[in-house]
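Subject: Structure handover

Hello,

Here is the structure you asked about. Please open it alongside this email; my notes follow below.

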Protein chains: 2
Amino acid sequence: MSNQIHDITSYMQEVGSRARTASRALAAASTAEKNNALMAIADDIDQNRDTLIQENRKDMQAGAEKGLDAALLDRLELTPARIDSMIEGLRQIAALPDPIGEIFDMNYRPTGIQVGRMRVPLGVVGIIYESRPNVTADAAALCLKSGNATVLRGGSEAFHSNQAIAGIIHQGLEKAGLHADAVQVIATTDREAVGMMISMPEYIDVIIPRGGRGLIERISNNARVPVIKHLDGICHSYIDDEADLEKAIQVTFNAKTQRYGTCNTLETLLVSEEIAETLLQELGGMLLEKGVELRGCETTCRLLEQAMPASAEDWDTEYLAPILSIKVVKDLDEAIEHINTHSSGHTESIITENYTRARRFLREVDSSSVMVNASTRFADGFEYGLGAEIGISTDKFHARGPVGLEGLTSVKFIVLGDGNIRS
Amino acid sequence: MSNQIHDITSYMQEVGSRARTASRALAAASTAEKNNALMAIADDIDQNRDTLIQENRKDMQAGAEKGLDAALLDRLELTPARIDSMIEGLRQIAALPDPIGEIFDMNYRPTGIQVGRMRVPLGVVGIIYESRPNVTADAAALCLKSGNATVLRGGSEAFHSNQAIAGIIHQGLEKAGLHADAVQVIATTDREAVGMMISMPEYIDVIIPRGGRGLIERISNNARVPVIKHLDGICHSYIDDEADLEKAIQVTFNAKTQRYGTCNTLETLLVSEEIAETLLQELGGMLLEKGVELRGCETTCRLLEQAMPASAEDWDTEYLAPILSIKVVKDLDEAIEHINTHSSGHTESIITENYTRARRFLREVDSSSVMVNASTRFADGFEYGLGAEIGISTDKFHARGPVGLEGLTSVKFIVLGDGNIRS
């Protein structure tokens with residue numbers, strides 16, 4: 001394979017058509033076949049570490065020559081630890097229950113038919129991602145287990161690494177008797193290939209972009225195929241005046257400082273005016289000591305002299321950095337109003353011992369994860385017990401929040417009868 | 001309100017923004033408030049039958065003058081029986097359980113957090129439909145019960161009928177203390193309004209087009225908002241050589257002849273070659289006697305002299321008429337292959353007493369409803385026990401098959417903790 005393909009249109013149509021054919025066979029594949037393929041791929045990655053690292057080095061060198069920045073080069077690198085975690089990921093996905101074919105809600109109707117649902121694959125999943133080559137194995141594994149064929153388009157800077165991983169995946173599929181076209185990695189770095197992927201609903205059933213906001217918006221705006229989007233995480237915690245202050249401090253400190261660069265990191269803290277003074281003194285001190293910059297509303301700045309004044313923009317910003325915006329609010333109503341106006345719909349948490357307010361917050365806050373007395377950092381497929389995640393959806397349609405195997409499936413109706421007719 | 005609005009763009013943005021505001025309030029509305037509104041609307045329709053019929057007469061007259069055909073005029077007419085069924089529909093939807101706020105799958109995780117899901121509304125649902133004015137009440141009721149604000153755009157020929165129904169709905173909403181903007185019926189017949197509706201993702205979360213293929217394709221191709229599509233119903237039955245012939249004949253005859261014009265009507269019959277001769281003699285005779293035209297493959301035409309030869313096109317045609325295409329196939333594999341190639345993914349049925357083949361058919365046929373020994377005519381929200389349906393989705397994404405209240409909802413994650421932090 002080469003990264004010079006002259007007729008992108010016919011190449012992509014060929015890829016799409018092969019994926020569609022493979023997806024039919026994969027939908028009927030047994031749980032054992034799928035698990036055997038996943039285990040074979042894991043073993044082959046383990047046995048081909050040297051090749052992987054060699055191919056990755058080509059990408060690293062080319063990247064360094066092109067002047068990629070250090071953060072990008074870091075994401076691009078396949079270290080032994082990252083290879084370990086790819087292998088571990090494949091084995092974990094093999095160990096998860098197979099979602100496909102699950103039958104549920106079978107009920108008899110007055111006409112005598114028995115009606116229920118069966119979980120089935122979506123069909124063909126297209127993944128468009130940036131530099132991390134480990135996504136190639138992770139995403140392929142989740143799609144394979146959920147019975148979907150995959151078309152993967154990685155970043156051009158990871159071309160050699162991705163092609164090497166693709167080769168190993170094909171071997172594993174064939175060892176398990178599955179169709180090698182069940183996982184295809186686009187063999188060109190031409191950008192036109194992305195344009196084609198997002199406009200072939202006849203071949204691709206859903207697109208999952210994994211990357212920065214720019215990538216995701218570009219794809220969503222132009223796609224003619226459904227897209228599972230993950231936009232910003234502007235996450236809020238509201239500390240109620242009936243909060244246990246000990247818990248409030250512990251949870252908020254964790255939500256902001258456990259990791260700064262993740263989408264479920266706390267970005268805005270709302271505090272009830274009743275307890276603002278006490279709370280901000282203690283929590284503010286801890287955060288400042290940890291090196292977190294505080295940007296507050298007027299009241300916050302009055303109560304905490306080290307806080308800088310927040311601008312209007314701050315309430316709509318995902319910092320992904322040691323910065324926290326703080327607003328003192330009158331009550332729960334003002335907190336919910338602020339969240340539903342400024343949140344990106346990712347994750348919000350209330351800290352309170354008040355039953356009625358906790359219940360209202362859960363019901364009325366319109367975000368993909370809503371929490372009581374827990375750190376927003378828990379919003380994650382592994383923490384939620386999904387076993388793995390292909391991303392976090394900030395959409396409401398189809399899948400919302402962390403997307404695991406179930407988010408890659410659909411359900412059809414099944415009807416069992418005994419010669420029943422409609423009258 | 002008038003049907004002459006000069007600035008469609010700002011009118012539609014106003015409608016969208018009001019819908020968004022109303023949807024926030026409606027998401028938090030209690031079950032009693034929603035049911036009270038539905039019952040009040042039903043009562044008010046009952047008390048305003050004369051006005052409705054008067055307004056409908058304006059549309060009927062204008063339609064007759066414009067030269068609309070008889071079928072269209074029939075769909076447009078609000079007869080006393082149709083008004084009864086609108087009222088009955090509203091009361092039935094009031095009696096259904098409220099899907100919103102349902103909490104399920106709450107499990108403890110090793111970290112101590114308890115994680116589960118809560119069912120929530122999608123937000124704002126846009127419905128674009130053609131001539132039937134009863135859709136205005138039916139669709140508004142389903143959206144209201146599922147906590148969604150609605151923007152309805154009916155056909156221009158039903159303008160006066162739809163505005164009259166809208167007036168009654170607004171009264172009912174206000175009587176129950178709900179926001180009148182929760183249901184808005186577009187007050188212009190300008191086509192530009194449809195173009196706006198399908199391209200305001202900031203205000204409308206999903207579009208459901210109800211009408212002919214032309215309408216649905218036009219909308220899906222241009223929408224920037226997710227669309228729940230209902231395309232053709234090219235439904236198949238496969239009669240296996242291990243079928244109970246009595247059941248096979250009864251079910252197939254029902255699936256084809258109980259109603260000709262519905263999307264779940266049988267269009268293509270596949271018959272195993274082992275039993276083709278016996279079966280086609282008896283079933284063919286019954287169908288011909290009923291006035292059904294038979295179009296067969298070569299073998300069919302040989303076995304049944306009254307059958308006309310089918311063209312290649314027939315296998316991809318939704319007749320919606322007393323016509324049936326018939327193909328004799330070698331076995332289950334050929335039947336599944338034919339279905340997965342030619343079906344529109346709506347509904348298919350196998351007639352067999354063989355356990356293993358029934359199980360394979362259920363798993364491998366990729367359609368929104370898959371049946372064993374039952375008439376395809378059962379594919380319907382009421383027959384499935386959904387209580388009501390807003391349409392049948394032939395998509396796999398989000399909702400598949402008959403769409404009831406649940407198809408108009410999303411689920412968010414909820415996390416209950418006790419001060420838990422992530423380590």
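In this predicted model, strand β3 (residues 124-129) of chain B is joined to strand β4 (residues 149-153) of chain B by 5 bridges. The two strands run parallel. Look for Ile128(B): its opposite number in β4(B) is Arg153(B).

Both strands belong to an open sheet of 4 strands in chain B, in the order β5-β4-β3-β6. The pairing is parallel. β5 (183-185) and β6 (206-210) of chain B each have a single partner strand, so they stand at the edges with one side left without a neighbour in the sheet. On average, neighbouring strands here are turned by 15 degrees against each other, direction ignored. Helix α1 (residues 8-27) of chain B packs on this sheet. The helix touches β3, β4 and β5 of chain B, and its direction makes about 145 degrees with that of β4(B).

Now chain A. Strand β3 (residues 124-129) of chain A pairs with β6(A), parallel, over 5 bridges. Ile127(A) stands opposite Ile208(A) in that pairing. Is strand β6 (residues 206-210) of chain A mostly covered or mostly open? Mostly covered: 4 of its 5 residues are buried.

Next, the two chains together. Chain B superposes on chain A by a rotation of 180 degrees, with 0.0 Å of shift along the axis and an RMSD of 0.0 Å. That is the relation of a two-fold axis. Which C-alpha of chain B is nearest the axis? That of His398(B), 1.9 Å from it.

The contact takes 58 residues from chain A and 58 residues from chain B. On the chain B side, the elements that give two or more residues are α1, β2 (114-121), α10 (245-257), α14 (355-364), β13 (369-374) and β16 (409-420). β16(B) supplies the largest share, 11 residues. By class, that side has 23 nonpolar, 20 polar and 15 charged residues. Of the interface residues of chain B, 100% are also interface residues in chain A, so the copies meet through the same surface.

Strands also pair across the contact. Strand β16 (residues 409-420) of chain A and β13(B) pair in the parallel sense over 5 bridges. There, Ile414(A) has Val370(B) as its bridge partner. Strand β13 (residues 369-374) of chain A likewise pairs with β16(B), in the parallel sense over 5 bridges. Ser369(A) has Phe413(B) as its bridge partner in β16(B).

That brings in an open sheet built from both chains. How many strands does it have? It has 10, in the order β10(A)-β9(A)-β11(A)-β8(A)-β7(A)-β12(A)-β13(A)-β16(B)-β2(B)-β1(B). The pairing is mixed. β10 (308-309) of chain A and β1 (103-108) of chain B stand at the edges. Each has a single partner strand, so one side of each is left without a neighbour in the sheet.

Two helices of chain A to look at here. Helix α11 (residues 276-289) of chain A lies across β7 (235-239), β8 (266-272), β9 (293-296) and β11 (323-329) of chain A. α11(A) runs at about 155 degrees to β8(A). Helix α14 (residues 355-364) of chain A packs on the sheet and touches strands of both chains: β12 (347-351) and β13 of chain A, with β2 and β16 of chain B. The direction of α14(A) makes about 155 degrees with that of β13(A).

Best wishes

Key:
Residues numbered from 1 in each chain as written. Chains lettered and ligands numbered in written order. Predicted model: local features only at pLDDT ≥ 70, side-chain atom pairs only at ≥ 80, totals over all residues. Pairing = 2+ DSSP bridges. Axes fitted to C-alpha atoms, helices over the stretch in contact; angles between N-to-C directions. Contact = placed C-beta atoms within 7 Å. Nonpolar A, V, L, I, M, F, W, Y, C, P; charged D, E, K, R; others polar. Least-squares fit on C-alpha atoms with pLDDT ≥ 70 in both. Buried ≥ 20, exposed ≤ 12 C-beta atoms within 10 Å, placed from the backbone.
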